[in-house]
Amino acid sequence: MTQTADLLDQALATFDALFEEARAAGEPDPTAMSVATASLDGRPSVRTVLLKAHDARGFVFYTHLDGRKGRELQANPHAALLFHWPRVRHGVQVRIEGAVEIVSDAEADAYFASRPRVSQIGAWASKQSETLDRREVFEQRLSEAEHTFEGRNVPRPPRWTGLRVRAEKIEFWYGADFRLHERWLYESDRAGEWSKRMLYP
């Protein structure tokens, strides 16, 4: 019988294999994933972000905690992710659901330090999701931030960090003709025990 830890390893290995297939197939950006959140009153929202790290602990993306998704994920720390790679096989989707946690400061600092300098400056200049009266206002804030950090490394803004989705469900959806798709769901129960089952298309 397959052990629960083996099932999680199997799911992650499947993800890695499909991710490499997406790269080889020429997907524009295999790291692009939709992330769905919900407010406390149950109103959903979705947007595309980029996967920056993943392992047995979960799937990580970065954002500003004061933006809409940051606020929603602090108030309701659960998210759903969707990868869609239409060039892989007959089309593949990977769906991931789970609780969300903030990554460690050390992890966030290391990733922020790896970003292009202009992106680092932009993180300081942007008031993510707030109203912007004119593009010129943002450009002025960029110029001011550039001047502030001229000649030195740009530190990570205190409210800019990574969010890790700790997978509780991982579904692999394989497209087929006539909508006769193949679906496999890996699922963790409250005790952390993993199971695997096939779903109808």
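**View 1. Helix H4 passes helix H5 in a right-handed crossing.** The model shown here and in the other views is predicted. Two packed helices are described by the angle between their axes and the distance between the axes. For H4 (residues 117-125) and H5 (residues 135-148), the axes cross at roughly 115° and come within 9 Å.

**View 2. Residues in the contact of H4 with H5.** H4 contributes Ile121, Gly122, Trp124 and Ala125. On the H5 side, the contact is made by Phe138, Arg141, Leu142, Ala145 and Glu146. By class, the residues of this contact divide into 6 nonpolar, 1 polar and 2 charged.

**View 3. Arg89, a residue other than glycine with a positive phi.** The phi value of Arg89 is near 55°. Arg89 sits in the loop that runs between strand S5 (78-85) and strand S6 (92-102). Its relative accessibility is 54%, and because exposed means over 50%, Arg89 counts as exposed.

**View 4. Phe178, a residue other than glycine with a positive phi.** For Phe178, phi is near 60°. The loop that holds Phe178 lies between strand S7 (160-174) and strand S8 (182-188). Phe178 has a relative accessibility of 76%, so this residue counts as exposed.

Methods. Residues numbered from 1 in each chain as written. Predicted model: local features only at pLDDT ≥ 70, side-chain atom pairs only at ≥ 80, totals over all residues. Heavy atoms only, no water. Axes fitted to C-alpha atoms, helices over the stretch in contact; angles between N-to-C directions. Helix = DSSP H or I, 4+ residues; strand = E, 2+ residues; numbered from the N terminus. Left-handed = near helix turned anticlockwise from the far one by under 90°. Contact = heavy atoms within 4.5 Å. Nonpolar A, V, L, I, M, F, W, Y, C, P; charged D, E, K, R; others polar. Buried < 20%, exposed > 50% of the residue type's maximum accessible area, 1.4 Å probe, protein only.
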